[in-house]
Amino acid sequence: MRESHRPSALVHRTGRIVLVSALVGALSLGAAWAGAVLTPARTAGPDVGELPEQAGGPFRASPSPSPTPDPLPGLQGGEVYAGAAKVNIAPRPGPDDVWIRDQAACETLTAPDRWVEHVQDLHTLWPENPGCIYTGGYGIGPANAVSEFDTEYGLWARSVALGDGTETVVLTVVDGVYWQGRYGKMCDGCGAFDLAEQLSAELAAHGVKRSGLFFAATHSHTAPDFIGGWGGVPKWYMEQVAEAMRDSVRQAVASLRPATVEAGEILARDHNKDRRTTYYSAEEAGMSWLRAVGRDGEVVATLGAYAAHPTTSDEEIGVAHADWPGLYTKRLEDRFGGVGLHFMTGLGQMTARGGRNVGVTLADLVPEVGRGQAVGSPDAKPAVRSAAAMWDQPITNGVLAALGGAGLFDRPFGGPAQVSAGRSAQRPCVSAAPISVNTGVNAARVGNLVFTGAPGETFANLSNSIKERRTGQVTFPLALVNDGLGYIMQSIETFDEARQGLGFAGSDATEYEDAYSIDRCFGDKVLDESIRLVESVWGS
């Protein structure tokens, strides 16, 4: 979500809440989570002609790896199999597809006389223009569309695959504000859980399991809105990006080769800061990193994981941009070659220091090749293991429940659910609601590396709690993995009043992030399951 504590942002959000209230009343039809029923009619505006050539060339899907792959060379002591790829997600509309690049035609919030016309396109239920590509993270509702994509750094789907010959784990990240686990109308079968099911079946011969597929988002607020909360993107573009994500996984797996992996964690306290205003919260000060190097000495991939909201490009409305993670990955590639990747960790209440160039600053902290901690011992093949857990999470946030019921966040929801979570059996966090969302977490081990994936914007205290469970290993507690369910904080950090709407108003007594938190026990449950899975993949 957008960085919250700015006067201009406060005015913007307050006006949006009035709009949201009206829309909820008009669209919910008195049935929470039932969705609105309107007559579908595509009302795309005029086509704007040919697009300029974007970095990466025309979009083409690569062939899938063979279901019976050729045998890979045997591993030597301390090696794993590694492969990486990236696929450009710049829009490639086909002959029948429309991308409207006239921003005035996309700013439907200022033209209420056109709301009925636009809302009839049911891919989202905001009064948006369905031919526009909106960015995410700015208030609520369609207001910020893009007319061009940055060509200096590009926007990508990137993947790195790591395996031991028996199992392969694939970490994928897309330049977007979120990517949902399941979708209702924005696309067919392209949620992260759907992608994991499809690709694990397709790549089973390569050791790819559903639990070993991590699909994350960079959370750049000037990247496309892939959940529909800010207007969404055209369905053809949604499908193109989903295929780019699939293709980056396929290519990474197809390029697996023996490699050594080194990793480390760097103290980077000067480059992010806590933004909570009513109390002092834990910061996540470390940047975890890993690098895979082939036998020929060429770098396959370098991956970094750090916690800082990508809101440094807020003023560039109209240009889709990867924000500081784009600079970070480009700098890694310039320094080392191969594919650069960046994943968010506990960014929920963490803001970047140093503007967009913090990406370059952080990338320059990564040591030269050969200066990291070896993954696994030199005389033993590192084990690669993964595990996942799914559950029905109650939703007790009344405002988000109403928005979901009106179809303004594109997501299928379920019925009654209850969770009990927390370290203490005597003082658990217990929550129940008549509506829920099915979501989950996953974890993986690659040698002495630990990865976890949480389904939203985790807070730093949650990340730090995962890290302290395995103090002798480099840990990657990744956020925004396989789902996008808002802010995820523990019950000790949340404000119930803010979660029922007051957080949107920017009150000095509550917190903005809680307004986008679906339940007070969500963070406790995510942490419980993540720790349990880490112990499972570690074999203890």
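1. Is Ala192 buried or exposed? Ala192 counts as buried, because its relative accessibility is 0% and the cut-off for burial is under 20%. The structure discussed here is a predicted model, and the values below should be read as computed from that model.

2. Overall composition. The protein comprises 540 residues, of which 63% count as buried. Its secondary structure consists of 11 helices and 21 strands. Among contacts with a separation of 6 or more, 81% join residues 24 or more positions apart.

3. Surroundings of Ala192. This residue belongs to helix α4. Leaving aside residues up to four places away in sequence, Ala192 touches Trp179, Gln180, Gly181, Phe215 and Asn482. Ala242 is 50 residues from Ala192 along the chain, and the two C-alpha atoms are separated by 9.0 Å.

4. Helix α4. This helix covers residues 192-202, and its buried residues are Ala192, Phe193, Asp194, Leu195, Ala196, Leu199 and Ser200. The elements that cover these residues include the strands β5 (208-217), β14 (384-394) and β17 (436-446), together with helix α5. In an α-helix, residues three or four places apart point the same way, because there are 3.6 residues a turn.

5. Gln240 in helix α5. Helix α5 spans residues 235-254 and contains Gln240. Gln240 has a relative accessible area of 6% and is therefore buried. The side chain of Gln240 reaches the backbone nitrogen of Arg92 at 2.9 Å. Gln240 also lies 7.5 Å from Ile89, C-alpha to C-alpha, although 151 residues of sequence lie between the two positions.

6. The loop between β20 and β21. Most residues other than glycine have a negative phi. Leu480 lies between β20 (474-478) and β21 (487-488), and its phi is positive, near 55 degrees. Asn482 lies in the loop between β20 and β21 as well, with a positive phi of about 65 degrees although it is not a glycine. Leu480 counts as buried at 1% relative accessibility, and Asn482 is buried with a relative accessible area of 6%. Asn482 is also one of the residues that Ala192 touches.

7. Helix α8 and its ends. Within α8 (residues 398-405), the buried residues are Leu400, Ala401, Leu403, Gly404 and Gly405. At the start of α8, a side-chain oxygen of Asn397 comes to within 3.1 Å of the backbone nitrogen of Val399. After α8 comes Gly407, with a positive phi near 80 degrees.

8. Packing of α9 against α11. How do the axes of α9 and α11 cross, and at roughly what angle? The axes of α9 (residues 460-467) and α11 (residues 522-538) come within 10 Å and cross at roughly 20 degrees. Angles under 35 degrees count as roughly parallel, so α9 is roughly parallel to α11. The crossing of α9 and α11 is right-handed. From α9, the contact is made by Leu462, Ser465 and Ile466, and from α11 by Gly523, Val526, Leu527 and Ser530. By class, this contact of α9 with α11 has four nonpolar and three polar residues, with no charged residues.

How values were computed: Residues are numbered from 1 along each chain as its sequence is written. This is a predicted model: local features need pLDDT of at least 70, side-chain atom pairs count only at pLDDT 80 or more; totals for chains, interfaces and linings use all residues. Side-chain values use heavy atoms; hydrogens and water are left out. Axes are lines fitted to C-alpha atoms, for helices over the stretch in contact, and angles run from 0 to 180 degrees between N-to-C directions. Helices (H or I, at least four residues) and strands (E, at least two) are DSSP runs, numbered from the N terminus. Angles under 35 degrees count as roughly parallel, over 145 as roughly antiparallel, 65 to 115 as roughly perpendicular and the rest as oblique. A crossing is left-handed if the near helix is turned anticlockwise from the far one by less than a right angle, and right-handed if clockwise. Contact means heavy atoms within 4.5 Å. Ala, Val, Leu, Ile, Met, Phe, Trp, Tyr, Cys and Pro count as nonpolar, Asp, Glu, Lys and Arg as charged, and the others, Gly among them, as polar. Buried means under 20% relative accessible area, exposed over 50%, partly exposed in between (1.4 Å probe, protein chains only). A polar contact is a pair of N or O atoms within 3.5 Å; within protein, one must be able to donate a hydrogen and the other to accept it, and residues adjacent in sequence count only if both atoms are side-chain atoms.
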